[in-house]
Amino acid sequence: MGNCLGKSEKLTAEIVPHDGAKVYPTVRLYGSPKSILAAYIRFALLHKSVSLDFVPSNETATSERVIGGSDPDDPVTLRVGSEVVSGSRETLLRFIDARFPSPSLAATSGGAEEETTPLMVRVTRLQHKSMLWHIERVLRWAEDLATRGGKKAVDPSVGSPRMEIRKFARSYSELLEVMMEHAQMEETVLFPLFDRADRGLSKAAKEEHARDLPLMNGIKEVIKSVGVLDSGSPDYREALYNLSSRLKLLLGQCKQHFKEEEVELLPLMEALELSKEQEDSALEQCFDVMQGTHGRLLKFLLEGLPSHDAMKYLDLISKCRDKERMESMLHMIVK
C-alpha cells in the first residue's frame with residue numbers, strides 16, 4: 001500500500017503523561033453530514049483513543065499539506081495538528097492506523113482469503129462472534145449480581161439494585177432480539193440456499209434453533225421475576241444464581257451450535273456456486289429480515305466485535321444495493 005505519511009514534529013499533546021497513557025491531539029473531520037464516507041470514517045475513529053471534532057462542511061483548508069489527494073465525488077478530510085489528509089476510504093484508514101496504531105482497524109491476516117469468502121458466510125460468522133461476546137458479557141454481569149446478593153454496584157451510575165436489574169433486562173432484551181432475528185435470517189435466507197442444493201442439509205441446525213428458543217425466553221422470564229423481588233431477600237439471590245446458571249447453559253449451547261454451523265454447514269457455501277447476483281440478493285434479504293439489528297440495534301451488534309471485525313461488517317453494509325438504507329445504517333452508528 002505504501003507509506004502515505006511524511007515526517008512531522010511531535011506535538012505537545014502527544015507527550016506521554018506520568019501514568020503512561022498516551023494523549024492524542026484532537027482529530028478534526030470535515031465532510032457532509034450526509035456523506036457515507038464521512039460516517040464510515042467517523043465510526044473508525046470512535047475505536048481510537050482520540051477526541052473527535054466533526055465539522056459538517058464541504059470546505060477544507062487547502063493551504064495545508066494534503067496527503068493522498070482528494071476525492072471529488074465524496075470529499076472527506078482529516079486534520080491532526082498540521083497534518084491534513086484527504087482521499088479514498090483506504091487512504092484515510094491507512095492514515096488513521098498509522099497515526100493511531102491501537103487498536104488496529106485492519107485485519108492481521110486472511111485478507112485475500114476473506115475477499116473470496118461468500119458474503120453470507122462472512123455476515124453469519126461476524127454475527128455469531130458478536131452474539132457470543134454479548135452472552136458472555138451478560139453472564140459476567142449476572143454472576144456479579146449474584147455475588148453481590150442485592151448490594152449496590154461500585155459504579156454509582158448503575159443506580160440502585162432495582163435500577164440495575166432494569167438495565168440488565170433492557171440489555172438482555174436487545175440481545176434476545178438480535179438472536180431471534182439472526183435465527184429468522186438463517187431459516188428464511190441461509191438454510192433454504194443449502195436445502196435447495198441438498199434437501200435436509202440444514203435439518204440439524206433448525207433443530208438446534210428449536211432447542212435454544214425455550215431457554216432464551218425462559219431467561220427473560222427469570223429476569224422479570226428478579227425485578228419484582230426484594231433485593232435483600234434470600235429468594236432474590238437464589239433467582240440470580242438461577243439466572244447465571246441458565247445464561248451459562250445458553251452460552252455453552254450457542255458455542256456448540258455456532259461451531260457446528262461454521263464447521264459443517266458454512267464451508268459448503270462455495271459448493272453452491274452462487275452467482276454474484278444471488279450472493280448480493282441473499283445479503284439484501286439478510287438486511288430485510290434483520291431490520292431491528294441493522295437499525296436501532298446496529299451499535300449494539302458492532303459493540304460485540306473487535307475493531308477490525310466491526311469495520312468488516314461495515315464493509316458488508318456498504319454492499320447494500322439500497323443506497324438510502326445503507327446511508328441510514330451508517331449514520332445510525334454515529335448518532
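This is a predicted model: local features need pLDDT of at least 70, side-chain atom pairs count only at pLDDT 80 or more; totals for chains, interfaces and linings use all residues.
As background, a disulfide is a covalent bond between the sulfur atoms of two cysteines. The chain itself contains eleven helices and five strands, and 46% of its 335 residues count as buried. Among contacts in the chain with a separation of 6 or more, 73% are between residues 24 or more positions apart.

**Helix H1 with helix H2**

- Two packed helices are described by the angle between their axes and the distance between the axes.
- Helix H1 covers residues 36–46 and helix H2 covers residues 89–99, and their axes come within 11 Å while crossing at roughly 20°.
- Angles under 35 degrees count as roughly parallel, and H1 and H2 are therefore roughly parallel to each other.
- The crossing of H1 and H2 is right-handed.
- On the H1 side, the residues that take part are Leu37, Tyr40, Ile41, Ala44 and Leu45, and they meet Arg89, Leu92, Leu93 and Ile96 on the H2 side.
- Sorted by class, the residues of this contact of H1 with H2 are eight nonpolar, no polar and one charged.

**Helix H4 with helix H8**

- Helix H4 runs over residues 119–148 and helix H8 over residues 276–289, with axes that come within 9 Å and cross at roughly 30°.
- That crossing angle makes H4 roughly parallel to H8.
- From H4, the residues Leu119, Met120, Val123 and Gln127 meet Glu279, Asp280, Ala282, Leu283 and Cys286 of H8.
- The contact of H4 with H8 is made up of six nonpolar, one polar and two charged residues.

**Helix H4 with helix H7**

- Helix H4 also packs with helix H7, which spans residues 234–265, and the axes of H4 and H7 come within 9 Å and cross at roughly 160°.
- Angles over 145 degrees count as roughly antiparallel, and H4 and H7 are therefore roughly antiparallel to each other.
- The crossing of H4 and H7 is left-handed.
- The residues in the contact of H4 with H7 comprise 16 nonpolar, four polar and nine charged residues.

**Backbone details in the loops**

- Most residues other than glycine have a negative phi, and most peptide bonds are trans.
- The peptide bond from Ser102 to Pro103 is cis, with omega near -5°, and Pro103 has its place in the loop between H2 and helix H3, the latter being residues 111–116.
- Glu273 has a positive phi of about 50° although it is not a glycine.
- Glu273 lies in the loop between H7 and H8, where it is exposed, with a relative accessible area of 68%.

**Residues apart in sequence and their distances in space**

- Arg94 is found in helix H2 and is partly exposed, with a relative accessible area of 25%.
- Arg94 and Ser104 are ten residues apart along the chain, and their C-alpha atoms are separated by 10.0 Å.
- Thr117 is found in the loop between H3 and H4, and at 12% relative accessibility Thr117 counts as buried.
- Although Thr117 and Glu270 are 153 residues apart in sequence, they are 8.0 Å apart in space, taken from C-alpha to C-alpha.
- If its neighbours within four places in sequence are left aside, Thr117 is in contact with Arg122 and Arg125.
- Gly232 is found in the loop between helix H6, which covers residues 203–227, and H7, and at 64% relative accessibility Gly232 counts as exposed.
- The C-alpha atoms of Gly232 and Gly150 are separated by 5.6 Å, while the two residues are 82 residues apart along the chain.

Definitions and conventions. Residues are numbered from 1 along each chain as its sequence is written. Side-chain values use heavy atoms; hydrogens and water are left out. Axes are lines fitted to C-alpha atoms, for helices over the stretch in contact, and angles run from 0 to 180 degrees between N-to-C directions. Helices (H or I, at least four residues) and strands (E, at least two) are DSSP runs, numbered from the N terminus. Angles under 35 degrees count as roughly parallel, over 145 as roughly antiparallel, 65 to 115 as roughly perpendicular and the rest as oblique. A crossing is left-handed if the near helix is turned anticlockwise from the far one by less than a right angle, and right-handed if clockwise. Contact means heavy atoms within 4.5 Å. Ala, Val, Leu, Ile, Met, Phe, Trp, Tyr, Cys and Pro count as nonpolar, Asp, Glu, Lys and Arg as charged, and the others, Gly among them, as polar. Buried means under 20% relative accessible area, exposed over 50%, partly exposed in between (1.4 Å probe, protein chains only).
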